[in-house]
Amino acid sequence: MDTTGIPHPPRRVPFLGDVFGVNPRTPVQDTVRLGRALGPVFTRKVFGTEIVFVSDPALVAELNDETKFGKHVALGVANLRAIAGDGLFTAHDYEPNWQLAHDILQPAFTLEAMRGYHSIMVEVAAELTRSWDAAVEGGDAVDVAADMTKLTLETIGRTGFGYRFGSFERERPHPFVVAMTRALRYAQVQSVKLPFVRRLIGGTAAANKADIATMNELVDEVISARRPGEGEDLLARMLAGPHPVTGQRLDPVNIRNQVITFIVAGHETTSGALSFALYYLTRNPDALAKARAEVDAMWGGQRDPEPTFAEVTKLRYVRRVLDEALRLWPTAPGYLRGAREDVVLGGRYPMRAGDQALVMLPLLHRDPGVWGPDPDAFDPDRFGPGEAKKRPAHAYKPFGTGERACIGRQFAIHEAVLALGLVLYRYEFVPEPDYELRIAESLTLKTDGFRLGLRPRAERAAEFVSESAHRGGA
Ligand code: HEM
């Protein structure tokens, strides 16, 4: 892309480029800071690799136009191919396996399929509340991001592949999780050009190879233990008969890539969203009261509610809380679009076919022209009835866009609203008073060091109801 005239950070250094002001551990937050100063289109060049960041809603709408642009697999996403190969998330549009896997897996994400996963989601949410009940007993504060990651990992493991990681029973993370966390960090820092920084943060190539082998071995075991025709989960669909139209099947390596893709893509993003939602609720008493009122109206008086599928879909305010958390900190903070043909973006920025631009979601989601004078304020009512229609269609894109948008969107929303609703109903939150939001960046964003003290609540609600029933009967 011709970047002449596009602003870049000050202090560009010959050969090195724009290396000041961006820490390899916090690239997203630093880029947000840069973007605030440089405007809705800016560029950053590091060792000859240049990225154009876009957050202007009209330009994003154009980048989302599927006739002109498509998903571009480069930079961070391309680095993930070492882990997930041609799995759905990392496949190029032109790889035949993308369409094949998409067709085979799409039915696993319909509303009907979600109903099928609901009871497992409830089971795992109950494991979370059991472990939080134990923390209440012990007077311990909980590490929110860590526990939400256990929840989402268990949920995708069981709903997707019938595999239990045992996250809530283990003292230490499952070896797969250890290997995956390291492998993701390794992949992320491959874009850093200085070898010693890469090794310092990401470890060695040999260790990474061993981590990937650990992940593959476990996945291969899970696949080979599955008997034909067993289950109705993602794995069963991938192993089932050939594609109804083309007659093709997914090959074993691709199935392995998809399993790893779903584990990676299907848990950190959702757990981060839950952590941010809880963080903002503890800082916004009005929103917390509204969310509580909703769950109390739904389950009031029940000691251990077991939410039905329909009840979860009726928690509209809790859903707004989640939407608003994903606005402020979209846990997949950007996506890359590539020009399908020569085009002049916004009539101003000439792009050749194959040129790329990165949609920078935290900036798009805080554009004052769309979100008003206080875009940093947490306000779930921005997602109240009719509100979205007042905004440009492409102003809010936490799940990406077009045919390569998130296949797991409904899955994530159902899982997260269910868990959030239950913990809101059950616990009084006691945040650490001095905590200020810190964000850990890996492939995704999540809260760092956010701990919550907990006190029981449902018991009180139950007592209240039984007391009033008693009074009524006297
Ligand atoms: C809050 C939670 C989530 C967020 C914010 C999120 C966000 C995203 C985004 C932005 C993309 C597009 C990336 C791009 O264009 O490069 C994407 C793709 C994808 N997501 Fe999610 N995701 C979430 C949860 C999930 C879950 C729960 C699953 C699986 C159960 C999942 C599976 C996938 C897959 C497989 C793709 C690639 C789709 C394709 O290209 O065909 N995601 N996600």
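Axes are lines fitted to C-alpha atoms, for helices over the stretch in contact, with angles from 0 to 180 degrees between N-to-C directions. Helices (H or I, at least four residues) and strands (E, at least two) are DSSP runs, numbered from the N terminus.

The model is predicted: local features need pLDDT of at least 70, side-chain atom pairs count only at pLDDT 80 or more, and totals for chains, interfaces and linings use all residues. Residues are numbered from 1 along each chain as its sequence is written.

**Sheet.** I looked up helix H1 (residues 27–38) and found that H1 lies across E1, strand E2 (49–54) and E8, at about 130 degrees to E1. The open sheet has five strands in the order E1-E2-E8-E5-E3, with mixed pairing; two strands pair if DSSP finds at least two bridges between them. Strand E1 (41–46) and strand E3 (69–71) are at the edges, each with a single partner strand, so one side of each has no neighbour in the sheet. I then checked strand E5 (residues 334–339), which runs antiparallel to strand E8 (residues 356–360) and is joined to E8 by five bridges. Leu 336 stands opposite Leu 358 in E8.

**Helix pair.** Next I turned to helix H14 (residues 285–299) and helix H19 (residues 409–426), which pack at about 90 degrees with axes 9 Å apart. H14 and H19 are therefore roughly perpendicular (65 to 115 degrees). In H14, Ala 291, Arg 292, Val 295, Asp 296 and Trp 299 meet Gly 421, Leu 424 and Tyr 425 in H19.

How values were computed: Parallel < 35°, antiparallel > 145°, perpendicular 65-115°, else oblique. Contact = placed C-beta atoms within 7 Å.
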